Amino acid sequence: MVFSLISVTYGATLCNMLAIQIKYDDYKIRLGPLEVLCITIWRTLEITSRLVILVLFSATLKLKAVPFLVLNFLIILFEPWVTFWRSGAQLPNNIEKNFSRVGTLVVLISVTILYAGINFSCWSAMQLKLADRDLVDKGQNWGHMGLHYSVRLVENVVMLLIFKFLGGKVLPNYCHSLIAVQLIIAYVISIGFMLLFFQYLHPLRSLFTHNVVDYLHCICCRRHHPERAENAEPSGEAETRQSIV
């Protein structure tokens with residue numbers, strides 16, 4: 001199991017570097033030791049905590065956990081196709097010169113299954129775009145990344161709550177509350193290292209039109225704007241009354 005985790009984490013780290021290279025193929029990218037270390041810690045904590053949570057959840061509910069896990073996988077699997085269908089675009093014809101339309105469809109389905117499998121355990125570091133010839137959205141989509149980690153965090157909390165209250169026969173000699181808290185903390189720390197990388201250590205962060213802080217600031221502004229609007233209305237009414245008087 002330890003070797004499997006090491007292998008998966010190493011693969012995810014390489015995929016992260018490859019995703020950066022694919023998105024910015026016009027630039028020469030060099031990752032220093034600090035950047036590689038940050039990515040490794042981020043991916044290690046993310047994948048380890050996620051897989052352990054899935055194992056504990058599955059051991060708690062056993063066969064009852066299968067519908068939830070299958071539904072989760074299917075949502076990830078069909079999300080790129082729903083986006084493609086809503087865009088009204090056509091399938092790319094030039095993925096490979098020797099491929100027919102059926103061959104292109106088979107390749108897209110295979111890539112989508114691989115994409116869903118990666119996103120089931122960790123973030124894939126890129127967004128699949130079936131309408132594009134490169135099959136990758138080369139923009140820095142902060143919303144997609146934020147949605148992924150928000151949903152995964154909620155899922156992990158729910159699965160750990162089920163493990164805590166229903167998993168009495170799983171690990172009977174250990175404190176379930178302590179295990180749950182440690183796993184959530186590990187996942188949150190992985191998100192922190194991810195934010196640290198994109199905010200300060202990304203090799204081409206100077207090309208970002210918006211960074212992590214800008215995105216978080218934008219969300220905070222949206223929450224505060226309605227409050228300001230409500231506070232502005234009474235003051236406007238007061239000024240109108242004074243002018244009438």
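Predicted model: local features only at pLDDT ≥ 70, side-chain atom pairs only at ≥ 80, totals over all residues.
Trp-42, buried at 0% relative accessible area, forms an edge-to-face pair with Phe-198, at 6.0 Å centre to centre and 65° between the planes. Trp-42 belongs to helix H2 and Phe-198 to helix H6, so this pair ties together parts that lie 156 residues apart in sequence. A search of the whole structure turns up 10 aromatic pairs, and ring pairs join Trp-42, Trp-123, Tyr-149, Tyr-187, Phe-197 and Phe-198 into a cluster.

Several of these names come back in the largest nonpolar core, which has 22 residues; among those touching the most other members are Trp-42, Trp-123, Tyr-149, Phe-197 and Phe-198. Helices H1, H2, H5 and H6 each supply at least two residues of this core, and H6 gives the most, with 6. Trp-123, setting aside neighbours within four places in sequence, is in contact with residues including Trp-42, Met-145, Tyr-149 and Phe-198. A second, separate core has 18 residues, including Leu-77, Phe-120, Phe-163 and Ala-180.

Charged residues get involved with the rings as well. The charged end of Arg-43 sits over the ring of Trp-42, 4.5 Å from its centre, while Arg-50 lies over the face of Phe-120, 5.7 Å from the ring centre.

Terms used. Residues numbered from 1 in each chain as written. Heavy atoms only, no water. Core = buried A, V, L, I, M, F, W, Y, C linked by side-chain atoms within 4.5 Å. Buried < 20%, exposed > 50% of the residue type's maximum accessible area, 1.4 Å probe, protein only. Helix = DSSP H or I, 4+ residues; strand = E, 2+ residues; numbered from the N terminus. Contact = heavy atoms within 4.5 Å. Phe/Tyr/Trp six-rings, centres within 6.5 Å; stacked < 30°, edge-to-face > 60°. Lys NZ or Arg CZ within 6 Å of the ring centre and 35° of its normal.
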